[in-house]
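Work through the exercises below with the sequence and the 3D view open. Try each task before you read its solution.

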Amino acid sequence: MADTAVVEKNQGIQFGKKERKLLTDPLNDNNPITVQVLGICSALAVTTGMKNATVMAVAVVFVCLFANVITSALRKAIPKQVRMIVQLVIIATLVTVVELVLKAYAFESYKQLSVFIGLIITNCIVMGRLEAFAMANKPYESALDGLGNGIGYGIILLMVAAIREFFGKGEFYGYKIIGPSPEYAINTLESSLFGWYQGNNLMVLFPSAMFVIAVLIWAHRAWNPKLVDVS
Amino acid sequence: MGELANIFIKSAFIENLALSYFLGMCSYLAVSKTVKTAVGLGLAVIFVLAITMPINWVINTWLLGENGIFGTDLTFLRFILFIAVIASMVQLVEMVVEKYSPSLYNSLGIFLPLITVNCAILGGSLFMVSKEYNFAEAVSFGLGGGFGWFLAIVAIAAIREKIKYSAVPPALRGLGMAFLLTGLMGMAFMGLMGIDPAAY
């Protein structure tokens, strides 16, 4: 044990098996949305289109990464009784930065996401990682953990958004693919092959996000049986 | 008075925080395994929403607004102040309840700290700002929103208690099923959308 500590000290920042596990675990075995069930609110609300989902995913990766690093750096200075408030203030500050940046450079997205940017503060992933990981680990490992969880969240967000946008509006990332007018790449009014296609409006509405995530969880657990809920 | 009742009905049923906006889903899914705990968390949410909504209204209007005591637009501080108010209110409520009603504290106890990170609370305050309610309307919105959330979590807990005995595919058991059920409940609540209580 003492030897490894010395080795770690000498090598400084490194990227070995343990570090890789920190980064890849949240992508599969410990995915924030499908396994830990954290951060559902925003996953449901912003996934009507890829554009909003991308903005949201990037914002969460940013907040998760920096909140983890800052909290981890301050972990010895934060009194235990008020740690929740301190953590929330750190997160809220980062979210305010995100909000102001979006307001300045991506006003369209800012308008569409509205209150859900603010709700990154109460996104349980960020808070959960601070409590569970950053308060007990060094900044470098916390950074990897934050990055991994942010990306694990973002992947699910983009998957849900891709499904909902394509089946709901026949679009992908705003490009019109299939639909009943000449602007679409496949015009269902003229094409005899895709004449039957009709966009499903339910996919644009909130409840469909629930169904899509439920199916994703189902698929994930069927593929990775050790995650099955035994209770 | 009728106006306030409208807002109450609207926020409780038509724009239900849990089933129309899907806010507070983390604790909604985590604590809805039995009806008893769901009732406890639901009551705590009503309580905290009803307290924080007026306080945040006062902060937003008199402290941060352009006509507030500082005379400048400080709304960029909104997130930090709102979450600080929520966190400290939850702490305060916890201490008061512990002192004056130990039995209520024992039943609510563990749920109170959870509420700080319940998006329904912060989301409610942010919706209140974006809808530009006045003070009385904000109070009514807080009570209605809390009541709607309470109804939603108790309903899903009751369904989940029953569904435990059904033959659900193993991979879908628990969490997956809870998601499907919430989606179906959300669809049912969508049937209320577009109703205007003011018209009756």
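Predicted model: local features only at pLDDT ≥ 70, side-chain atom pairs only at ≥ 80, totals over all residues.

Residues are numbered from 1 along each chain as its sequence is written, chains are lettered from A and ligands numbered from 1 in the order in which they are written, and side-chain values use heavy atoms, with hydrogens and water left out.

**Exercise 1. Describe the interface of chain B and chain A.**

Step 1: count contacts (heavy atoms within 4.5 Å). On chain B, 39 residues touch 38 residues of chain A.

Step 2: find the area. The size of an interface is often given as the accessible area lost when the parts come together. Buried area is that loss with a 1.4 Å probe, summed over both parts. Here the two chains bury about 3,600 Å², with 84% of it on carbon and sulfur atoms.

Step 3: name the elements. Helices are DSSP runs of H or I, at least four residues long, numbered from the N terminus. On chain B, those giving two or more residues to the side that touches chain A are α2 (25-30), α4 (78-100), α7 (119-130) and α9 (175-190). The most comes from α9(B), with 10 residues.

Step 4: sort the residues. Ala, Val, Leu, Ile, Met, Phe, Trp, Tyr, Cys and Pro count as nonpolar, Asp, Glu, Lys and Arg as charged, and the others, Gly among them, as polar. The side of chain B that touches chain A has 27 nonpolar residues, 11 polar and one charged.

Step 5: look for salt bridges (a side-chain nitrogen of Lys or Arg within 4 Å of a carboxyl oxygen of Asp or Glu).

**Exercise 2. Check the lengths of α4(B) and α8(B).**

Step 1: recall the rule. The expected span is 1.5 Å times one less than the number of residues.

Step 2: apply it to α4(B). Its 23 residues should span 33 Å, and its end C-alpha atoms are 32 Å apart, which agrees.

Step 3: apply it to α8(B), residues 135-163. This helix has 29 residues and reaches 42 Å, close to the 42 Å expected.

**Exercise 3. Find the two salt bridges of the structure and place their residues.**

Step 1: take chain A. R129(A) pairs with D145(A), the closest N and O atoms being 3.0 Å apart. R129(A) lies in α8 (124-132) and D145(A) in α9 (139-169), so the pair ties together parts 16 residues apart in sequence.

Step 2: R129(A) is buried at 11%. D145(A) is buried at 3%.

Step 3: take chain B. K131(B) pairs with E15(B), with closest N and O atoms 2.8 Å apart. K131(B) sits in the loop between α7 and α8, E15(B) in the loop between α1 (2-14) and α2, 116 residues apart. K131(B) is partly exposed, at 28% relative accessibility.

**Exercise 4. Which residues are in contact with S27(B) and with V55(A), leaving aside neighbours within four places in sequence?**

Step 1: locate S27(B). This residue is in helix α2 of chain B. S27(B) counts as buried because its relative accessibility is 7%.

Step 2: list its contacts. They are S32(B), L41(B), N118(B), W149(B) and I153(B).

Step 3: turn to V55(A), in helix α4 (50-74) of chain A. Its contacts are L102(A), S109(A) and L113(A).

Terms used:
Buried < 20%, exposed > 50% of the residue type's maximum accessible area, 1.4 Å probe, protein only.
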